Amino acid sequence: MKHHLRKTTLIYGAALLFSGCLSEKKDNLMIGTKSETISEKITQLLSKMTIEEKVGQMNQYNGFWDVTGPAPKGGNAKTKYEHLKKGWVGSMLNVRGTENVREVQRIAVQETRLGIPLIIGFDVIHGYKTLSPIPLAEAASWDLKAIENSARVAATEASAAGINWTFAPMVDISRDARWGRVMEGAGEDPYLGSKVAQARVKGFQGDDLSKPNTIAACAKHFAAYGFSEAGKEYNTVDIGTSTLHNMVLPPFKAAVNADVKTLMNSFNELNGVPVTGSSYLQRDILKGKWNFNGFVVSDWASINELISWGRAKDKKEAAEIAATAGSDMDMEGYVYVEELAKLVKDGVVKEEILDDAVRRILRVKFELGLFDDPFKYCDPANEKENIGNQKHHEAVLDVAKKSIVLLKNEDNLLPLKKEGQKIALIGPLANDKNSPLGSWRLASDDNTAVSVYEGMQKYDKNSLTFEKGIDLVVGDVAFTQPVKINTSLNVSEINKAIQTAKNADVVVMVLGEHGFQSGEARSRTTLDLPGLQQELLEKVYAVNKNIVLVLNNGRPLAIEWAAEHIPTIVEAWQLGSQSGNAIAQVLYGDYNPSGKLPMTFPRNVGQVPIYYNYKNTGRPNQEPHVFWSHYIDSENTPLFPFGHGLSYTTFEYNDFKINGSNFSKNDSIKVSVKVTNTGTYEGKEVVQLYIRDLVASVTRPVRELKGFELINLAPGTSKVVEFTLTKDELGFYNNNGDFIVETGDFEIFIGGSSATTLKETFSIK
Ligand code: BGC
């Protein structure tokens, strides 16, 4: 009761404090537009701030519990608390729950001299408590509305828990499945990646950032983190200008165009420059060329890492380099708070640099409406109502089933019959309620996913028998700890599984990776099924070939043996809270699979990096001799190409037309194709358009995705799908980073995957 009273008094105090702000807002509203008003307010506030208070806005501390990076040694809580009270903290991360957020916010607005509210960040990567599929899976839906909606659900729950800033979307393009963080992005393609980035930013930020259920988004990691050498985490990146401008940067630019409020820089160096200290990326490109007016947060202590990289000799120099290069906020690094004020006073760093950073940070706080009501995200009733709400479960189920990709369905084993079929369900992930939650799920509860077994039991309890066969992991798994893979075979368990398989009409096997085998700091050197799973698969296959292999994984896997032998393969990723229900709906045909791969599946790890938009090379063709671009022990082609995904129905493409054959650079080219559902199920198809610029001043890939549309067709019906190509689609970035369109001949491909052969040509004169 006492506690309650204390809080009420404090809230009242805050309201009084902010009534001043409210009337100021009214006055300002009369003198200009909303953005002028905010700029004006920022100028006023800035004029009152000391250097230390300015640096404070650029300082972000981790909360006192969830740790998403190496925790600083010693008890920092006391220092943090003191800094908070002095107004030396502008933001906190990993503080969550209305009560906790209210408390830190209370200190910021009531105990500091200027009462500037905190912005509260959290990794809302694929949901808060109710989890959507991992982002790579969602990208496989190619369904931008569903993806946007999933981010909306995440923002609704996170904002109800006091959070107003998510460190998502990760928009890093990656071609290397060894890199564990591919699970967090939209795959290998800059066009799809840009569309997904925009949909997610829109979902998080909504149409009005000041609403209590919208949160600021953060496009990360700027830039080129996905190109870490050899797929090894936190590694060097060495890429050319063409790859940087045409592959890496477009999704960031798309996010900026969608008004993303913040960007996070990355742990890697790019061509010798650790990007936290890259003026080229942050000042010249982002804040210069792209005119970005939000702010850049460092990654976890990445400013300190300038020292380990060998770019700065100490924290002081690290602070100087990072601030000058345009890293506006220091995440849990203590570098700015310890060094920056002195650097300014000594004239090493210009105060304008601080002013610019603080302006950017304050702008986002104003836009979020935090100055009007710093406790707007701290309503316990709202928290109770929204977190884990049933409607959110329906929304994540919707996107989960749309994310599933049918890789192969040779003997039409799928869909399963709803009765009259004896089904054996086998595999260590078949009844796992934890792993499908995937990585990055700090606010959700362990073991809360619907397992495949639970999902399938809703269809047919009687003829379904489950045996796990083997365990995938040993001991407990945790976000911060390495996963231990089980390598010891339990003969009686495996025999039970084999016996069950023998007696079944169809065997559904759920294999893959544990949810914590992908994600940050989870690079792998092989892409095969971990542990004893391949052995289990082959043993079961020896007694029953009617296998439906359901994969749960956070990255493309090299499953060449399975692709050759197993008739039916379903890529079901890590689908979040409703995983098992989504998978069961697909297996039993209540949802006709419509996903398409956002990343190429290799035959073997040696092919990696492998991607559809490769360059032709000077020796592309198979010759009667060995001197052409290939391996001697593997085909060049992937196991499953980018854009691939089957349906229970079939589609035919006809009447591929272009409205001419010669165009000028500024023309809009109209392309159309008729798609017909030639099978017996209603189904969705992602109609994909690729171009190839045959001769250019900088060589172009053999195919580039430049359009797609998701359509739904009843059996026997058709739809004419139209695309428009303008210079935005026909041009590219040259090696100076300028966007250009060149004359010449183009090929254009349309179909249901990047391997389509349906081709037309046109020229730009
Ligand atoms: C990750 C970021 C994340 C941050 C805060 C870092 O280790 O690279 O993506 O947002 O931690 O949790």
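A pocket is taken here as an open set of points on a 1 Å grid over the protein atoms alone, with protein on both sides within 12 Å along at least five of seven lines, and its lining residues have an atom within 4 Å of a point. In this predicted model, the largest pocket is lined by 29 residues, and those nearest its centre are Tyr611, Tyr614, Asn636, Thr637 and Pro638. Its volume comes to about 880 Å³. Sorted by class, the lining of the largest pocket holds 14 nonpolar, eleven polar and four charged residues.

Helix H8 makes the largest contribution, with five residues. The lining of the second largest pocket divides into ten nonpolar, six polar and eight charged residues.

Five cavities of 30 Å³ or more are present in the structure, and the largest cavity contains about 100 Å³ of space. Around the largest cavity stand 14 lining residues, of which Gln57, Gly87, Thr112, Gly115 and Ile116 are nearest its centre. Helix H3 (51–57) and helix H4 (77–86) are the elements that supply two or more residues to this lining. In terms of class, seven of the residues lining the largest cavity are nonpolar, four are polar and three are charged.

Attention now turns to the ligand. It is surrounded by 13 residues, and Thr68, Asp123, Arg181, His221 and Asp299 are the closest. This shell is made up of six nonpolar, two polar and five charged residues. On its own, the ligand has 310 Å² of accessible area, and the protein covers 100% of it.

Among the secondary structure, an open sheet of five strands runs in the order E4-E3-E2-E1-E10, with parallel pairing. Strand E4 (165–166) and strand E10 (330–331) form the edges; each has a single partner strand, so one side of each has no neighbour in the sheet. Strand E10 pairs in the parallel sense with strand E1 (residues 59–62) over two bridges, and Asn59 stands opposite Asp330 of E10.

Most residues other than glycine have a negative phi, and most peptide bonds are trans. Against that background, the peptide bond from Ala168 to Pro169 is cis, with omega near 5°, and Pro169 sits in the loop between E4 and H8. Val608 and Pro609 are likewise joined by a cis peptide bond, with omega about 0°. The loop that holds Pro609 runs between helix H22 (579–587) and strand E17 (651–658). Ala301, although not a glycine, has a positive phi of about 55°, and this alanine, Ala301, is located in the loop between strand E9 (295–297) and helix H12 (305–309).

Notes
Residues numbered from 1 in each chain as written. Predicted model: local features only at pLDDT ≥ 70, side-chain atom pairs only at ≥ 80, totals over all residues. Heavy atoms only, no water. Near = heavy atom within 4 Å. Areas by Shrake-Rupley, 256 points an atom, 1.4 Å probe, with all protein chains shown as cover. Nonpolar A, V, L, I, M, F, W, Y, C, P; charged D, E, K, R; others polar. 1 Å grid on protein atoms, 1.4 Å probe; cavity = no way out; pocket = protein on both sides within 12 Å on 5 of 7 lines; lining within 4 Å. Points joined across faces, edges and corners; volume = space filled by probe spheres on them. Helix = DSSP H or I, 4+ residues; strand = E, 2+ residues; numbered from the N terminus. Pairing = 2+ DSSP bridges.
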